[in-house]
Amino acid sequence: MSDTCAPEMGRTNKKTLNNKTLSARIDALPASAGLWRFIILLSLGGFFELYDLFETGYISSGLLAENIFHIGSAGVFGISDQAAFASSTFLGLFFGASLLAPNADRFGRRMTFMFALAWYGCFSLLMSFQNSAEGVIACRFLVGIGLGLELVTIDTYLTEWVPSHMRSRAFAFAFFIQFLSVPAVALMSWWLVPQTFFGLTGWRYVVIAGALCSLVVWIVRKNLPESARWLAQQGRHEDAHNVVSAMEKRCGVANSPAYIAQESTAELPRKGTFREIWSPEYRKRTLMLTVMNFFQAIGFFGFGNWLPALLSGKGTTVTHSLLYAFFITLAYPLGSLICSRYADKIENKWQIVLSSLMTVVFGTLFALQTNPVMLVVCGFLITYSNAWLTFSYHAYQTEVFPTHIRARAVGFCYSFSRLSTVFSSILIGLILQYAGTQGVIAFIVVSMIIVMLVIGIFGPKTRGINLENI
């Protein structure tokens, strides 16, 4: 359907036509330096979110060495404190994504974005000064709430501002920026965790660095524009026109059309509800993405957060496992950068399927290796496939819902990736204890096969299609 055709369900009114015109203007934005600077600025918040998220697996050895964390039944909840730490992180992410993400539909992408960034930066800083497992785990839960809200908001923000012809490429490049945080936190942990400076142990400096930098980014990003699509959805058509005009100027577009005031008979802004994501129009998509998120998180975080422990289970020392993990995690940014060259040439649903298949193949090979070089090679390729999967499904799940329920629907579906990790973090700890690294990898492989099947069979096509027509 073309941009000038009437949308489905017969909503042929001035507001809809204005939204179509607005959508066409966004889709016509050139891939200029100005647009890429906006994408980079938006991605900086994601950098420190992923830094904060991935430090879960890297600072645990320092917490154990300082006798703040304990293993096995000596832990706070009768299980390993590392498992409780990871679970509290993802429980917070679940609440942030499921309960608070709808606020991005209510209050706007920009305000929600800035609030979440400040929230998790402050509580992360507070966590660095805790001296008990209870204090660390409680702060980590609060950090997770901010992270869950921020990650959903970034995805909706990016989708609504990027032209349809470069959505996947923009997501791939955004995750290249964000994933630079993973080797950064791995390298900092390898260097700092065994050290003590000025009476503070090294894991605290790893946390402090991420918290302070995220607060600096908060100051830098105060001038980000609101989503034009969200403004139009709220009936603020003149504001939407103004921000699109400003973006066109930033991108080098010489002339922007003049604003035409809406008639008083224009349709009132649509308010999304939770019930709507279960309507016949969107029910299958909601179920598909809920299942996909539940199982992809087991593969992604099961490997990423437990990588040092999986390598230690292969017989490497703590120092060597952290060093090997650093080289393996280089695949996160490199994979995203390489994928950005072909991201827009393949349907997102098939990119999700192929990246999951890649995890299955190299995950199986990783479980069979004992040679350090082959462990790093297989680990690198698993991480590459995880990077490919990540930007693909982040772009995909924001494409398949309309603007007025986008953050609500994505937040709900995405929250199941966090909920699954709450339980899988504990389960992986038990599997690692009783079945070793091979058992954990088998668990990951089965999960990724389920992702392949649900997306391959039920996923709609989205490549190059205007958001309003998907």
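This is a predicted model: local features need pLDDT of at least 70, side-chain atom pairs count only at pLDDT 80 or more; totals for chains, interfaces and linings use all residues.
Close-up 1. Beyond its neighbours within four places in sequence, Gln397 is in contact (heavy atoms within 4.5 Å) with Asp155, Leu289, Met292, Asn293, Val410 and Tyr414. With Asn293 there is a side-chain to side-chain polar contact of 3.0 Å. Such a contact is a pair of N or O atoms within 3.5 Å; within protein, one must be able to donate a hydrogen and the other to accept it, and residues adjacent in sequence count only if both atoms are side-chain atoms. Gln397 sits in helix H18 (residues 372-399). Helices are DSSP runs of H or I, at least four residues, numbered from the N terminus. Gln397 counts as buried because its relative accessibility is 0%; the cut-off is under 20% relative accessible area (1.4 Å probe, protein chains only).

**Close-up 2. The largest nonpolar core.** This core holds 127 residues. A nonpolar core joins buried Ala, Val, Leu, Ile, Met, Phe, Trp, Tyr and Cys residues through side-chain atoms within 4.5 Å. Phe38, Ile39, Trp161 and Phe401 have the most contacts inside it. Helix H19 (residues 406-458) contributes the most, 18 residues. Among the residues that Trp161 touches are Ile26, Phe38, Pro225, Val244 and Met247, leaving out those up to four places away in sequence.

**Close-up 3. Helix H8, residues 167-179.** Twelve of its 13 residues are buried, including Arg167, Phe171, Phe175 and Gln178.

**Notes.** Residues are numbered from 1 along each chain as its sequence is written, and side-chain values use heavy atoms, without hydrogens or water. Local features need pLDDT of at least 70 and side-chain atom pairs count only at pLDDT 80 or more, while totals for chains, interfaces and linings use all residues.

Definitions and conventions: Helices (H or I, at least four residues) and strands (E, at least two) are DSSP runs, numbered from the N terminus. The expected span of a helix is 1.5 Å times one less than its number of residues. Buried means under 20% relative accessible area, exposed over 50%, partly exposed in between (1.4 Å probe, protein chains only).
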